[in-house]
Amino acid sequence: MENTENKDLQQNESVTVYPSLNSKNGGIAFSLNVAAFLVMSLVAAIIILLGHIDSKSDVYVYINYLASPVALTVCCTVFLKVAKIPYKAVFPVKCKPKYYVIALLLIFGLLFAVSPINVYVVKLFELCGYVPRETSSYYPDLSGAKIIPAFLVMAVLPALVEEFLFRGVLLNCCERSMGSIPAVFTVGFCFALFHGSPEQTVYQFIVGCAFAFLAIKSGSILPSILMHFVNNGLLVIFAACNLFDAEGNLIISQTANIVLIVLAVVALISGLAWLFIDKKPFKKGVKFGVAKFYIFAAAGISVLSLMWILSLVGCN
C-alpha cells in the first residue's frame with residue numbers, strides 16, 4: 001500500500017512541476033509543428049523553383065528531406081521555451097541497458113516481420129486506382145562516399161528530430177493527461193499521419209506505437225531513437241546495395257526470406273514479452289484528457305488527413 005501511494009505521489013509531483021506538460025499543449029504543439037512543416041515545405045519549393053533544380057537531382061531530394069527536420073527542430077525549441085518546459089522533461093535519457101536490447105529485438109521484428117504488410121496495403125489501395133511511387137524515387141545517389149550525407153539526412157536526423165517531437169514532446173504531454181495506453185495509440189496515429197505515405201501508414205502506426213510503448217516503459221527517449229535510427233539506416237544501406245526491387249521488396253531467396261521472417265517474429269515476440277513483464281506501472285489519465293488533445297490537434301490532423309487523401313488519389 002505504501003509503495004502504491006509513493007508512486008502516485010511521484011506521478012502527481014511530476015505533473016505539478018511541469019504543469020505545461022498536458023494534452024492541450026500536446027495538441028497545440030502538434031498543430032504548430034504541422035504548420036511549421038508546411039511553411040518550410042513552401043520555402044523548399046520556392047528554393048527549388050527559383051534555383052531551377054531538377055526533380056531528379058540529389059539536391060532536390062535533400063532539400064525535400066531537410067524541410068521536415070528543420071521545421072520540427074525550430075518549432076519544438078520555440079514551443080518548449082514559450083511553454084517554459086525544460087528539455088530534460090521531454091528528452092529523458094537515463095534507462096537500464098536492457099531496454100537497448102529490447103529496442104534491437106523490436107526493430108528487427110518490426111522491420112522484417114511487420115513491414116511486409118506494406119505490400120498488401122498497396123495492393124488494396126491499387127484496387128482504388130492508387131499508383132505507388134517507385135522505391136528508387138525516395139533516395140539520392142548512394143554510390144561510394146555519397147552514402148554518408150544520405151545516411152545523415154535520412155537516418156540520423158529523423159531519428160533525433162522526429163523522436164524529439166513524437167516520443168519527446170507529444171508523448172510526455174499526452175501521457176500525463178490522457179494516460180499511458182491512450183497516449184501510445186495517439187502518438188502512433190500522429191506519427192503515421194505526419195509521414196503522409198499511404199502505402200506505409202499501417203506499418204508506421206504500428207512502429208509509432210512500439211516506439212512510444214518502449215519510451216514509456218524505459219523512461220527514456222534513447223531506446224526509441226536507436227530503433228528509429230536502425231530502421232532508417234538499414235533501409236538506406238539496403239538501397240545502396242541495390243537489395244530492393246521496384247516494389248520495395250528485399251531481393252533475397254524464398255528460403256532466406258522465410259528464415260528471416262521466422263527470426264523476426266521470434267525477436268518481436270521476445271521483445272514485446274520482455275516489455276509486458278516489466279513492472280513499471282502505466283499512468284492513468286484525467287477527465288477530458290484525450291478530448292483536449294484532439295480538439296487542439298484538430299487543425300494539424302485535418303491538414304495532414306487532406307494531404308494523405310490527395311497523395312492516395314495521386315495529387316501529390
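**Entry 1**

I looked up K84 and found it exposed, because its relative accessibility is 72%; buried means under 20% relative accessible area, exposed over 50%, and partly exposed in between (1.4 Å probe, protein chains only). The model is predicted, so I note that local features need pLDDT of at least 70, side-chain atom pairs count only at pLDDT 80 or more, and totals for chains, interfaces and linings use all residues. Residues are numbered from 1 along each chain as its sequence is written, and side-chain values use heavy atoms, with hydrogens and water left out.

I placed K84 in the loop between helix 3 and helix 4 (87–90). Helices here are DSSP runs (H or I, at least four residues), numbered from the N terminus. The phi of K84 is near 60 degrees, a positive value in a residue other than glycine. Most residues other than glycine have a negative phi. I then turned to N242, whose phi is near 55 degrees, again positive in a residue other than glycine. N242 sits in the loop between helix 10 and helix 11 and is exposed, at a relative accessible area of 61%.

**Entry 2: salt bridges**

I recorded four salt bridges in the structure, a salt bridge being a side-chain nitrogen of Lys or Arg within 4 Å of a carboxyl oxygen of Asp or Glu. Side chains of opposite charge can pair when their charged atoms come close.

One of the bridges joins E163 to R167, with the closest N and O atoms 2.5 Å apart. Both residues belong to helix 7 (residues 147–178) and are four residues apart, about one turn of the helix.

I next examined K283 and E175, whose closest N and O atoms are 3.8 Å apart in a salt bridge. This pair links distant parts of the chain: K283 is in the loop between helix 11 and helix 12 (289–312), E175 is in helix 7, and they are 108 residues apart. K283 is partly exposed at 22% relative accessibility, whereas E175 is buried at 7%.

I also noted K146 and D141, whose side chains meet in a salt bridge at 3.1 Å, N to O. K146 is partly exposed at 43% relative accessibility, and D141 is partly exposed at 28%.

**Entry 3: helix 5 and helix 11**

I checked how helix 5 (residues 98–114) packs on helix 11 (residues 254–276): the angle is about 140 degrees and the axes are 7 Å apart. The axes are lines fitted to C-alpha atoms over the stretch in contact, and angles run from 0 to 180 degrees between N-to-C directions. The two helices are therefore oblique to each other; angles under 35 degrees count as roughly parallel, over 145 as roughly antiparallel, 65 to 115 as roughly perpendicular and the rest as oblique.

**Entry 4: M227**

I found M227 in helix 10 (residues 222–240), where M227 is buried at 0% relative accessibility. The C-alpha atoms of M227 and S177 are separated by 26 Å, the two residues being 50 residues apart along the chain.
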